[in-house]
Each structure stands twice: as structure tokens, then as C-alpha cells.
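Have a look along with me.

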Amino acid sequence: MPVISGDPEAIQRIAYEFCEDCSHQGLLYVEARYSPHLLRESGETEKNALNSEEVVRLVNEGFTRGEKDFGVKVRSILCCMRHMTGWSTEVLELCQKFKNDGVVGIDIAGSEQLCDEATHVDHVRVFQEAAKLGICRTVHAGENGPAGVVREAIEEMHAQRIGHGYHSIDDPDVYKLVKERNIHLEVCPYSSYATGSFCGNFKEHPVRSFLLDNVNFSINTDDPLITGHTLNDEYELCKNELGMTDGDLAFINLNAAKSSFLPPDEKRELVDQLEKVYGLKD
């Protein structure tokens, strides 16, 4: 981040070229998430330094140009960071300000072990307020943390989606909660192995249970720059290591479209597009 933080041209260019990369993978729709605060000028007191709102505008401009030039729809989810409680209120304000201008949701990322109970209450409050404002909500939980973090995300933070969520399966009551409320799990197979959140044979990965139990989940890349994996790489891993079929992946992608944070009319359009691609609709 220090290489590009505070550089308006670089930030907008990376957003634009992100659309190009997505187009080359044949993607119809993408929700990209980032922390505006991590893209600000590192010396925030300097004259003419970028602020978080300017960062969001630059990313939106890059995505708008990229969508036009490359034919892929891209929207943003803005991230709070668990170790930076003071940023969360501003992230919520930005989500509200840009709710109809490229930003479709709020997230919280970072290590599940980095937040103490005294400060974490502010994160919970922000997500409760987001629910009242009608801002869509996803929470990184149950990646390296226990199932209890997933329960908190659902019951206290009103999460509609969970980033990763692998360890929800460790607690039958939490796993039942995920299934009963149809919470969408954003699964990242290769990343789960690379980060150590899953250890063992891929055929024993929790995603196998998610599939067999008809859990609402999707396949995602997490951070392609770090993992070096595209979404197509993830699909190959799912087929070769997890035994998924093309039919399974089509079903999973429809889950993703139906659980996207798009407005209802755009969501229906996306689902219709996918159903035609998969031969489910004329």
C-alpha cells in the first residue's frame, strides 16, 4: 500500500485496470472490497493529502471508466479494520454517502484476534447502524477465529454474508444458524490453505460439507495479488481437489448472484444473465 497510497493517478489507474483483469476472466459482475483509509496519504497532515472520501471517488471513477471500456460491472464494499476502531464511523458515513454511487456494502476485515472487547463494541455499533440505514453488510468471521465470531457477526452485527466462515462448522448450533438464516458464505479455497485457516486434505475442506448440506456459499479469490490465483484458478482447484462439477459451480455462482448486494432489479438482471449462460433459460 505505501507504494500507491496518496497517489490519485495510481489509485484510479489500478481501479480501471482491475476491471480489465476481471473482463479477461469472463466475469459479469464483481464486488471489490478495500479500506479507503489504507489508500490515503501516509502523512495525512501534509498539505493536499488525500482523504478517505477522495479515495472512494477516485476508485469509483476508475471503475466507471473500466465498466464502460471492458463491459464488466464492478461495485465496491468499503472495509472497516478490526484493529482500527476509530475508522469505522467514517467508513459507515462513506457507505451512506456513496450508497447510490458505486458502493454497495460495508465489511470488517483484519485478524479476528486483534480486537479487544472494549473497543470492538464500536464496530458492532457501526454495523447495527448500517442495518438501520439499509446498508448491506458482510463480516470477515470464522476464518482463523472460532465459530463464536460467526455467531456474533450474524446475531449482533446483522451480517447478511460472512467472509470465509469455515469454522462455523465447528459448532453445530452456529452451523445451524448459518443454514436457517440462509447466510451467504464467501469461501476462498486456496487462500484458506495459504493462510492456515484450513489444514489437511482438501477433500476434507469445510466447503465439501457446505456443498453437501446445500449451504448458501460462493467461490472467491480473497486477494489475487497475494495468492497469485484468479477466479478461474479457484474453479480448477474446486474441480480437481474438491470434486466439484461444472454443474456445482453453476449452482454456486447463482448463489453468488442472488446474494449480491446489487439493488433488486439489477440483481434479477444478473441472475437472468447467468441462467442464460448456463442454459437454464432461453
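I began with H123, which counts as buried because its relative accessibility is 0% (buried means under 20% relative accessible area, exposed over 50%, partly exposed in between, with a 1.4 Å probe and protein chains only). A reminder to myself: this is a predicted model, where local features need pLDDT of at least 70, side-chain atom pairs count only at pLDDT 80 or more, and totals for chains, interfaces and linings use all residues. Residues are numbered from 1 along each chain as its sequence is written, and side-chain values use heavy atoms, with hydrogens and water left out.

H123 sits in helix α4, residues 117-133 (helices are DSSP runs of H or I with at least four residues, strands are runs of E with at least two, and both are numbered from the N terminus). What does the side chain of H123 meet? I found a polar atom of that side chain 3.1 Å from the backbone oxygen of R82.

Next I turned to the sheet. Seven strands make up an open sheet with parallel pairing, in the order β1-β2-β3-β4-β5-β6-β7 (two strands pair if DSSP finds at least two bridges between them). β1 (29-34) and β7 (217-219) are the edge strands with a single partner each, so one side of each has no neighbour in the sheet. From one strand to the next, the twist averages 25 degrees.

I then went through the pairs. β4 (residues 136-141) and β5 (residues 161-164) pair in parallel over four bridges, and H140 stands opposite G163 in β5. Helix α5 (residues 147-155) packs on the sheet, touches β4 and β5, and makes about 170 degrees with the direction of β4 (angles run from 0 to 180 degrees between N-to-C directions, and axes are lines fitted to C-alpha atoms, for helices over the stretch in contact).

β5 and β6 run parallel and are joined by three bridges; R161 stands opposite H184 in β6. Which way do the side chains of β6 (residues 184-187) point? H184 and E186 point one way, L185 and V187 the other way, and all are buried.

My last stop was a helix pair. The axes of α10 (residues 231-240) and α11 (residues 246-258) come within 10 Å and cross at roughly 130 degrees. The two helices are therefore oblique to each other (under 35 degrees is roughly parallel, over 145 roughly antiparallel, 65 to 115 roughly perpendicular and the rest oblique). Y235, C238 and K239 in α10 meet D246, L249 and N253 in α11 (contact means heavy atoms within 4.5 Å).

Methods
Polar contact = N/O pair within 3.5 Å; in protein donor to acceptor, adjacent residues only side chain to side chain.
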